[in-house]
Amino acid sequence: MAQTTRQVGSSCTRERIVQAAIRLYREIGYRKTTVADVARDASMSPANLYRFYPCRRALEEVVVAELLEEVSAAAASAARSGRSGLERLNAAFRVVSRMHEDRLANNVRLHELVVAAAQENWPASLSHADRLRGVVQSVIAGGQAGGEFRAGSPMALACCLLDAMDAYLNPSRIKAAALRPAFDELMNFCAGALSNAAFVDAAPSQVTSIRAGLAYKLPCRA
């Protein structure tokens, strides 16, 4: 009983520290925030904070993990919606892109932290990539089982698909100045790459209606 109480108390303290860090990172940025700032906001001493997080980077890792877990959880939820595999992939990718864009627009300092984690391959960012890859692999495998997607390794196809959509899934590229195809253009390209020709011939009305919503609408834009 006493051990359980201590574990709960420790978990609550860790969460209090993380939330204090998120508030400060949002307000002044992670580069300007010190461990002492976080400890003060969490109503504890720096020495006490170090009992839970041995260094500043460890705390930043936990914050990034929490921010990215929200994104991967939303992607997994979106991937369970829709009637077809293509609809599920479209929903998952769109929600990831929108969440990164929303953070850039409304919490730019938190976005900068997530971008740094992506560019430097922090473990939290790599774990997020693994979770997203798992979501996409599962959808592709389901689409193959139903005859919608062509044969091939679900993992290999997932990796190809994620690379193709990287301009909208990678937080470090959300504000890229280089030209990139519109989201719907990329999804239409991916739909063609994944499609099982026999399935298209067997169910033309269904596939046509799905892909009509992903038809080319815009030229490449900045």
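A: Start with helix α10, residues 183–194. Helices here (H or I, at least four residues) are DSSP runs, numbered from the N terminus, as are strands (E, at least two). At 1.5 Å a residue, the 12 residues of α10 should span 16 Å. The expected span is 1.5 Å times one less than the number of residues. The end C-alpha atoms of α10 are 16 Å apart, which agrees.

This is a predicted model, in which local features need pLDDT of at least 70, side-chain atom pairs count only at pLDDT 80 or more, and totals for chains, interfaces and linings use all residues. Residues are numbered from 1 along each chain as its sequence is written, and side-chain values use heavy atoms, with hydrogens and water left out.

How many residues of α10 are buried? The count is 9 of the 12, so α10 is largely enclosed by the rest of the structure. Buried means under 20% relative accessible area, exposed means over 50%, and partly exposed lies in between (1.4 Å probe, protein chains only). The buried residues of α10 include F183, D184, E185, L186 and M187. N188, C190, A191 and L194 are buried too.

Now step back to the whole chain. The chain has 12 helices and 0 strands. Of its 222 residues, 41% are buried. A contact is a pair with heavy atoms within 4.5 Å. Among contacts with a separation of 6 or more, 67% join residues 24 or more positions apart.

Next come the charged pairs. Side chains of opposite charge can pair when their charged atoms come close. The whole structure holds 9 salt bridges. Each is a side-chain nitrogen of Lys or Arg within 4 Å of a carboxyl oxygen of Asp or Glu. One of them joins R56 and E60, with the closest N and O atoms 3.0 Å apart. Both sit in helix α4 (residues 56–78), 4 residues apart, which means about one helical turn separates them. R56 is partly exposed at 31% relative accessible area. E60 is buried at 6%.

Another bridge brings together the side chains of E70 and R103, at 3.9 Å from N to O. This pair links distant parts of the chain: E70 lies in helix α4 and R103 in helix α5 (residues 85–106), 33 residues apart. E70 is partly exposed, at 43% relative accessibility. R103 is buried, at 8%.

A further bridge pairs R133 with D130, at 2.6 Å from N to O. Both belong to helix α7, 3 residues apart, and about one helical turn separates them. R133 is partly exposed at 24% relative accessibility. D130 is also partly exposed, at 46%.

R133 leads on to the largest pocket. That pocket holds about 390 Å³ of space. R133 is among the residues closest to its centre, along with A129, D166, L169 and N170. In total, 17 residues line the pocket. A pocket is found on a 1 Å grid over the protein atoms alone: it is an open set of points where a 1.4 Å probe fits, with protein on both sides within 12 Å along at least five of seven lines, and lining residues have an atom within 4 Å of a point. Grid points are joined across faces, edges and corners, and the volume is the space filled by probe spheres set on the points.

Which elements give two or more residues to the lining? They are α6 (108–119), α7 (123–145), α8 (154–164) and α9 (166–169). The largest share, 6 residues, comes from α7. The lining divides into 10 nonpolar, 4 polar and 3 charged residues. Here Ala, Val, Leu, Ile, Met, Phe, Trp, Tyr, Cys and Pro count as nonpolar, Asp, Glu, Lys and Arg as charged, and the others, Gly among them, as polar.

Stay with α7 a moment. Q137 is in this helix. Q137 is partly exposed, at 27% relative accessible area. Leaving aside neighbours within four places in sequence, Q137 contacts P154, M155 and A158.

Two loop residues complete the tour. N121 is in the loop between α6 and α7. N121 is not a glycine, yet its phi is positive, about 55°. S43 is in the loop between α2 (35–41) and α3 (46–52). S43 also has a positive phi, about 60°, although it is not a glycine. S43 is exposed, at 65% relative accessibility.
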